[in-house]
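Work through the exercises below with the model open. Each task is followed by a stepwise solution.

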Amino acid sequence: MKLSSNYSAAPVSEFLLICFPNYQSWQHWLSLPLSLLFLLAMGANTTLLIVIWLEASLHEPMYYLLSLLSLLDIVLCLTVIPKVLAIFWLDLRPISFSACFLQMFIMNSFLPMESCTFMVMAYDRYVAICHPLRYPSIITNQFVAKASVFIVSRSVLLLSPVPVLSARLHYCGKNVIENCICANLSVSRLSCDNITLNRIYQFVAGWILFGSDFFLIFLSYTFILRAVLKFKAEGAATKALSTCGSHFILILFFSTILLVVVLTNVSRKRVPMDILILLNVLHHLIPPALNPIVYGFRTKELKQGFQKLLQRGF
């Protein structure tokens with residue numbers, strides 16, 4: 001009996017990404033909104049970086065953290081979305097073995113970096129609102145440098161084993177990934193080896209990193225809420241609640257999607273695969289598109305910097 005094209009005794013050298021295996025027609029409807037979200041995310045984050053870089057008054061710790069968040073968003077978008085759009089528009093489904101695991105490494109490193117950056121920014125807002133007199137001495141350029149090193153090193157050290165473990169597996173059978181991206185469990189399930197270690201490590205590391213970040217974020221905004229409710233100045237509490245409330249909602253959206261993706265992958269609950277794939281894609285688009293708007297251009301200083309940029313005719 002002949003082997004099908006998806007099975008071979010030889011090692012797999014490339015994979016085929018199949019977006020929405022049960023609803024192929026979704027691709028045509030999704031390509032336009034995804035393209036618009038991608039352009040919005042790239043344009044907004046690039047503009048924010050340029051404004052902060054050119055405006056000397058924005059060379060402060062809070063805006064350095066915003067710059068870090070924008071850089072992470074840009075890298076995540078460029079890692080995932082161009083390939084997804086290439087599949088939608090040009091049916092370019094093949095992805096090489098090395099490119100697939102490079103994409104997996106970047107996603108597994110940069111997503112926890114973004115989560116940790118949210119946590120540091122929540123702490124920044126906590127100090128600014130609850131301890132305003134001590135803010136200049138606590139949130140310094142040195143603090144941002146140390147926080148950046150911690151964000152990068154923690155994520156790389158704890159989650160880089162995920163793609164390494166997957167890459168070391170023996171792939172000798174199916175090469176069709178039922179996903180738009182090279183998600184760890186979507187790929188490792190194709191191997192001929194036991195993936196229990198991969199599954200357990202991703203579950204434990206993911207819960208430790210994202211769980212601890214979300215707990216500290218929630219704690220920071222709880223203290224902020226208690227503090228702003230004591231404000232006596234007219235409009236001060238409303239303004240602080242509006243700003244921090246939008247921040248927390250965006251972080252909650254970021255964390256909720258991650259939670260759904262992790263739970264449905266690890267526990268294999270009865271969630272349609274196409275819904276899970278859509279959540280994977282949207283998670284790499286919606287937060288990057290909204291982050292610079294919610295965190296950045298709502299602030300007076302960045303608005304003024306953007307207006308100066310337009311006046312220079314840049």
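Buried means under 20% relative accessible area, exposed means over 50%, and partly exposed lies in between. The model is predicted.

**Exercise 1.** Find how many salt bridges there are, and describe the pair made by Asp 213 and Arg 154.

*Solution.* 
Step 1. Apply the cut-off: a side-chain nitrogen of Lys or Arg within 4 Å of a carboxyl oxygen of Asp or Glu. The count comes to three salt bridges.
Step 2. Take Asp 213 and Arg 154: their closest N and O atoms are 2.8 Å apart.
Step 3. Locate the partners. Asp 213 is in helix H8 and Arg 154 in helix H5 (residues 141-159), so the pair links distant parts of the chain, 59 residues apart.
Step 4. Check burial: both Asp 213 and Arg 154 are buried.

**Exercise 2.** Classify Arg 93 and Asp 91 as buried, partly exposed or exposed.

*Solution.* 
Step 1. Confirm the pairing: Arg 93 and Asp 91 form a salt bridge, with 2.6 Å between the closest N and O atoms.
Step 2. Arg 93 has 16% relative accessibility, so Arg 93 counts as buried.
Step 3. Asp 91 has a relative accessible area of 43%, so Asp 91 is partly exposed.

**Exercise 3.** Describe the surroundings of Ser 186.

*Solution.* 
Step 1. Leave out residues up to four places away in sequence; Ser 186 then touches Ile 177 and Asn 179.
Step 2. The side chains of Ser 186 and Asn 179 make a polar contact at 3.1 Å.

How values were computed: Residues are numbered from 1 along each chain as its sequence is written. This is a predicted model: local features need pLDDT of at least 70, side-chain atom pairs count only at pLDDT 80 or more; totals for chains, interfaces and linings use all residues. Side-chain values use heavy atoms; hydrogens and water are left out. A polar contact is a pair of N or O atoms within 3.5 Å; within protein, one must be able to donate a hydrogen and the other to accept it, and residues adjacent in sequence count only if both atoms are side-chain atoms. Contact means heavy atoms within 4.5 Å. Buried means under 20% relative accessible area, exposed over 50%, partly exposed in between (1.4 Å probe, protein chains only). Helices (H or I, at least four residues) and strands (E, at least two) are DSSP runs, numbered from the N terminus.
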